[in-house]
Structures are given as C-alpha cells and as structure tokens.
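Take a walk through this structure. We begin with the whole chain and then stop at single residues.

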Amino acid sequence: MADAPPRQVQPRVDESAADMGTLVDLGLVDEQPVPQYQGLFLEPDLPPADEPE
C-alpha cells in the first residue's frame, strides 16, 4: 500500500481558536462594552458597629 503524500496544513480562523482580543483585531467580532458597576449595588445606611470588648 502506497503512502499518501503529506497534506499541506492551512491555518484557519474560527471563534474557538483565538481569544476575544484577537477576534476584535481581525475584525471578526465587534468590541464588547465594558460593564460599569458604579451605583449598581446599594449599601444600607447602618450605624457603626460596636466593637466587642
């Protein structure tokens, strides 16, 4: 049985082969907005806690 000739390896771009920054650089996806957390969490206005002695 004859050996098959070696196949040429061709790089391909798919979403699983790169991180988001690379996909944005290649123009394949739009840049995602950065979440803003300021004002999202409300802390109750509690009096200062008494320290145990």
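Of the chain's 53 residues, 2% count as buried. Keep in mind that this is a predicted model. The accessible surface of the chain comes to about 6100 Å². Carbon and sulfur atoms hold 53% of that surface.

Now look at the secondary structure. The chain has 1 helix and 0 strands. Helix α1 covers residues 20-25.

Stop at valine 24, which is found in helix α1. Is this residue buried, exposed or in between? Its relative accessible area is 25%. Buried means under 20% and exposed means over 50%, so valine 24 counts as partly exposed. Beyond residues up to four places away in sequence, valine 24 touches Val29, Asp30 and Glu31.

Move on to leucine 40. This residue lies in the segment after α1.

How values were computed: Residues are numbered from 1 along each chain as its sequence is written. This is a predicted model: local features need pLDDT of at least 70, side-chain atom pairs count only at pLDDT 80 or more; totals for chains, interfaces and linings use all residues. Side-chain values use heavy atoms; hydrogens and water are left out. Helices (H or I, at least four residues) and strands (E, at least two) are DSSP runs, numbered from the N terminus. Buried means under 20% relative accessible area, exposed over 50%, partly exposed in between (1.4 Å probe, protein chains only). Accessible areas come from the Shrake-Rupley method with a 1.4 Å probe; for residues, only the protein chains shown count as cover. Contact means heavy atoms within 4.5 Å.
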